[in-house]
Amino acid sequence: MIQDFADWLVYAIMGLDAQSHLGAAVNFFFYDTIKILILLFAISVLMGIINAYFPIDRLRNYLATHKLFGLQYFFAALFGAITPFCSCSSIPLFIGFVKGGIPLGVTFAFLITSPLVNEVAVAMFMGTFGLRITLVYVISGILLGVIGGFVLGRFKLEAYLSDWVKQIQQNANAEAGEWESERTPFMKRLPVIMKDAWGIVRGVLLYILIGIAIGAFMHGFVPEGFFEQYMSKDNWFAVPLSVLLAVPMYANAAGIVPVIDVFVSKGIPIGTALAFMMAVVGLSLPEATLLKKVMTWRLIGIFFGVITLFIIISGYLFNAIL
């Protein structure tokens, strides 16, 4: 429905050519902007309702008093794997998790895995590369989320969240406590929850527009063949270079699978191609722009640095195994 509206607006009303770079970029911009804004508002309302009826002190107490032996990271990564979001679409849910008081490391496990693995990409991988490589792709994506979330959680990075997010957390705590003590009915809570959700949307709107504009430009104007000359198997530094080249790009896992198929058919090692794909969907520049509203630059740098290192290691391992 959103795609149909974007097609109608860009190609029928604005008169842009669907086959042109400009048409593809503008269409991408409108589609992703509308999709992410709707998603952000809906998730913010949902998390507001959850927070109103499930005060975060209970969740914190549960995580503090129960030994889960790391399973919380696995469950968050698994949830990320079954949600069909790209990196920018995952951020609204990330904001909701942080607002709801879920530990930052667990939230990072979701944020890492969600763009890397989804059911559409799995089906495309199965048809393109077969069962073995598909299993490597799925398991590595989930493990990357689990290990990355665990490591980042150990760093105790909550202090590097933005003041905007901290204020949202404080407001959510105060509202939930007041409503619970006064037993406020749902219909009186809902207008406040929706107002708070709209406030979140307004707070990140500029960052969303900037991030998606960058992604739209990369989507429409960067040719695929640009990267192939740097990713050949003759270059020992092809894996880290492919990761660095992928960061400015922006696509979801399903959208990048056909590109990976082309790379492999032209002789690029599968590990290098997978590392490129993981960096495109998990370390995009538009994602960093959106995260700036949620995190300080130091936290973004730590997050991207840790995940970049893990992806590079994974690329070399894949090349050795496959």
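Helix H12 passes helix H16 in a right-handed crossing, a term for the near helix being turned clockwise from the far one by less than a right angle. The model is predicted: local features need pLDDT of at least 70, side-chain atom pairs count only at pLDDT 80 or more, and totals for chains, interfaces and linings use all residues. Residues are numbered from 1 along each chain as its sequence is written, and side-chain values use heavy atoms, with hydrogens and water left out.

**Crossing of H12 and H16**

H12 spans residues 238-246 and H16 residues 297-321; their axes come within 9 Å and cross at roughly 135 degrees. Axes are lines fitted to C-alpha atoms, for helices over the stretch in contact, and angles run from 0 to 180 degrees between N-to-C directions. Helices are DSSP runs (H or I, at least four residues) numbered from the N terminus. The two helices are therefore oblique to each other; angles under 35 degrees count as roughly parallel, over 145 as roughly antiparallel, 65 to 115 as roughly perpendicular and the rest as oblique.

On the H12 side, the contact is made by Val 239, Pro 240 and Val 243, and on the H16 side by Thr 308, Ile 311, Ile 312, Gly 315, Tyr 316 and Asn 319. Contact means heavy atoms within 4.5 Å. By class, this contact has six nonpolar, three polar and no charged residues. Ala, Val, Leu, Ile, Met, Phe, Trp, Tyr, Cys and Pro count as nonpolar, Asp, Glu, Lys and Arg as charged, and the others, Gly among them, as polar.

**Aromatic pairs**

The structure holds seven aromatic pairs. Rings of Phe, Tyr and Trp (its six-membered ring) pair if their centres lie within 6.5 Å; planes under 30 degrees apart count as stacked, over 60 as edge-to-face and the rest as tilted. Two of the pairs involve Phe 303:

| Pair | Centre to centre | Angle between planes | Class |
|---|---|---|---|
| Phe 108 and Phe 303 | 5.0 Å | 20 degrees | stacked |
| Phe 303 and Phe 304 | 5.6 Å | 65 degrees | edge-to-face |

Phe 108 lies in helix H6 (residues 104-116) and Phe 303 in H16, so their pair ties together parts that are 195 residues apart in sequence. Phe 108, Phe 303 and Phe 304 form one aromatic cluster. Phe 108 is buried, as are Phe 303, at 1% relative accessibility, and Phe 304, at 13%. Buried means under 20% relative accessible area, exposed over 50%, and partly exposed in between (1.4 Å probe, protein chains only).
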